[in-house]
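Please take a look at the model below before reading on. The notes after it are meant for quick reference.

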Amino acid sequence: MAPPAGGGQPEQQQQRGFGHSLTGIIRMAVFWYFASKFFSPKKPSEPSLQISNLFDKGESLDMWLYLSEHEKFNDFGSEASLVWHETNIPYAVWGPDSTRSLSLKYHPSEAVKHNGSLYAHVFFARSGYPPDPNDPEYQPVSAFGRTHPVVTYLPKSKADKRKSLLGNPKESDGVKAVSEVVDETQFNSKDEGPAEWTSYWKPNITINLVDDFTRYQLNAVPPIIAPYLNVEPKSGNYYPIVFFNEFWLLREKLIPINETVGDLPLNLEVGPISMTKWQLFLQIDQSFQIHRSYGSMLEGEADELKRVFLEGNPYLLVITMVVSLLHSVFDFFAFKNDVQFWNKNKSMEGLSAKSVVVSFISQLIVFLYLLDNDTSWMILASSGIGCCIEFWKIGKAMHIEIDRSRRIPLLRFRDRDSYKKNKTKEYDDLAMKYLSYVLFFLVACCSIYSLMYERHKSWYSWILSSLTSCVYMFGFIMMCPQLFINYKLKSVAHMPWRQMTYKFLNTIIDDLFAFVIKMPTLHRLSVFRDDVIFLIYLYQKWVYPVDKKRVNEFGFGGEEQDQASAGTDVTAVREEEKKTN
């Protein structure tokens, strides 16, 4: 007989119950694993292997310095390769015996003169022990060394693409070829052909033994220290760190090597360096590399910063740093108040609209000039933002409309009513008319001089460089129309005095930098020209009384504000009388 229809249900229920039980067990196991992983108390980890310095503080060391054209050195018996030998140097101790120096002349071989390599091999050993591994008395834990290149390779200066646009042959004859250390960033990637490299001699070699007796965990050595740590394989401890200090070796000190070079100077020095100072040098160099990779710093700017610390007075450097901070603060407040002024400004009465337009054109010229000269992107971004702000200020000073009647939409600029209905436009046109004659004459003279006596990459570069030079030299002329309007209106109530105060403070700081920092005489004079303009503004503010009938930058007059304040005072008095009654 066939089994009853309900006979399979107990087996299905048993299979389902087993499946649910198995799923529950798996869930409990997973839950227990994660709970024990994150919430159970951690067992104390076994102490990892720690490594320490093989040498003791104050231990006497002997030093050997060899110069060889091979990167690996084994010829310890060569007297020709040994250029310096010192004995009984106390390790990590500051004193008269801890620093040694030597100056000599090195005659390069023909291979080195033809872009060959040269290496400095320095070896240290406990006093009485040899550095030669083949010597019977050699002990691996008592000797250590390091290799460093004495010759470096940099891109060779390429032919200058600039030329006389008039084809003056005398100009090319008068230019002398000067060997310079050229930064890699100065070469355009679009240039055809690979860059040609040449060798340069390092005249200074400074060998520092780092004062480091830290016990490091074998698998937790700081990344900045790990490349310099030389670990002895048997004991696991590390040798003293040998650091070739090139932090203060500027690129202008490098000597180019060619076939005609004779004896080359070589200044050697060995001495201790503290752990903090060594890490500071590494961090600064790493910071420079990061900035160069982001394009925020050119190669030569790092050397210029180091030169300030080398040649500058320490007290003057501290003052310069404080003043630089103040300059940044004042610059921020000047920008903030300038944007606030034009954002809330409702009247152009007494303000020069043409000066705003000319300021935008000047900023645009500077931006195009920087773009043509392959400037870093951070400076380009700053100049580009300045262009956008100046164009935004035109929209606040004038009405900007889009003319769509033609095939190509064009922008139309129309004066505001508050600018046209009073004498401001008349005085602005009159001042700009006469000043434009002077400006055009100066621009023409400067451009002709640049065309005749200077070299340029193209006609476009000549136009940009001429206009930029005029902006830097004669930009103060664009500030004169506002002075003329103030003189005619006999008032300065419409001026953005907060912004101008911060700019005037920045101008004073620029005067200080003009004496501290090396700069061309023309640029130094351009700093002081702004002082004259601001002093005239201050004189006008002192001479002209406050005109309460004239509206301010927010569209309100002084009499209206006095009436409003008087009305509020009367209302307050009446409310007080009601309370007392």
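What follows is a short briefing, grouped by topic.

This is a predicted model. The protein has 581 residues, and 37% of them count as buried. Its secondary structure comes to 15 helices and 15 strands.

**Overall figures**

- The accessible surface of the protein is about 36,600 Å². Carbon and sulfur atoms account for 59% of that surface.
- Take the contacts between residues at least 6 apart in sequence: 76% of these join residues at least 24 apart.
- The salt bridge count comes to twelve.

- Three strands form an open sheet in the order 7-8-12, and the pairing is antiparallel.
- Strand 7 (151-155) and strand 12 (255-256) are the edge strands, each pairing on one side only.
- Five bridges link strand 7 to strand 8 (residues 197-201) in the antiparallel sense.
- Leu 154 has Thr 198, in strand 8, as its bridge partner.

**Strand 9 and its partners**

- Strand 9 covers residues 204-211. Six of its eight residues are buried, so strand 9 is largely enclosed by the rest of the structure.
- Strand 9 runs parallel to strand 13 (residues 264-274), and eight bridges join the two. Val 210 stands opposite Ile 273 of strand 13.
- Strand 9 also pairs with strand 11 (residues 242-244), here in the antiparallel sense, over three bridges. Leu 209 stands opposite Val 242 of strand 11.
- In a regular strand, side chains alternate between the two faces of the sheet.

- Asp 62 sits in strand 2 (residues 60-68).
- Asp 62 is buried yet has no salt bridge. The nearest side chain of opposite charge is Arg 100, which is 7.7 Å away. The salt bridge cut-off is 4 Å, so Arg 100 at 7.7 Å does not qualify as a partner.
- What does the side chain of Asp 62 make a polar contact with? The partner is the side chain of Ser 127, at 3.3 Å.
- Leaving out residues up to four places away in sequence, Asp 62 touches residues that include His 85, Glu 86, Thr 87 and Asn 88. Phe 123, Phe 124, Ala 125, Arg 126, Ser 127 and Gly 128 are also among its contacts.

- Most residues other than glycine have a negative phi.
- Asn 115 has a positive phi of about 65 degrees, although it is not a glycine. Asn 115 lies in the loop between helix 2 (110-113) and strand 5 (119-126). Its relative accessibility is 38%, so Asn 115 counts as partly exposed.
- Lys 490 is not a glycine either, and its phi is positive, near 55 degrees. Lys 490 is in the loop between helix 12 (480-489) and helix 13 (497-516). Lys 490 counts as partly exposed because its relative accessibility is 43%.

- Side chains of opposite charge can pair when their charged atoms come close.
- The side chains of Glu 110 and Lys 113 form a salt bridge at 3.8 Å, N to O. The two are three residues apart in helix 2, so about one helical turn separates them.
- Is Lys 113 buried or exposed? Lys 113 is buried, with a relative accessible area of 9%.

**Salt bridges around Asp 429**

- Lys 354 and Asp 429 meet through their side chains in a salt bridge of 2.4 Å, N to O. Lys 354 lies in helix 7 (residues 353-372) and Asp 429 in helix 10 (residues 423-453), so the pair ties together parts that are 75 residues apart in sequence.
- Lys 354 is partly exposed, at 27% relative accessible area. Asp 429 is partly exposed too, at 28%.
- Lys 425 also forms a salt bridge with Asp 429, with the closest N and O atoms 3.6 Å apart. Lys 425 and Asp 429 are four residues apart in helix 10, so about one helical turn lies between them. Lys 425 counts as partly exposed, at 24% relative accessibility.
- Through shared partners, salt bridges join Lys 354, Asp 415, Lys 425 and Asp 429 into one network.

Definitions and conventions. Residues are numbered from 1 along each chain as its sequence is written. This is a predicted model: local features need pLDDT of at least 70, side-chain atom pairs count only at pLDDT 80 or more; totals for chains, interfaces and linings use all residues. Side-chain values use heavy atoms; hydrogens and water are left out. Two strands pair if DSSP finds at least two bridges between them. Buried means under 20% relative accessible area, exposed over 50%, partly exposed in between (1.4 Å probe, protein chains only). Lys and Arg count as positive and Asp and Glu as negative; His and the chain ends are not counted. A polar contact is a pair of N or O atoms within 3.5 Å; within protein, one must be able to donate a hydrogen and the other to accept it, and residues adjacent in sequence count only if both atoms are side-chain atoms. Contact means heavy atoms within 4.5 Å. Accessible areas come from the Shrake-Rupley method with a 1.4 Å probe; for residues, only the protein chains shown count as cover.
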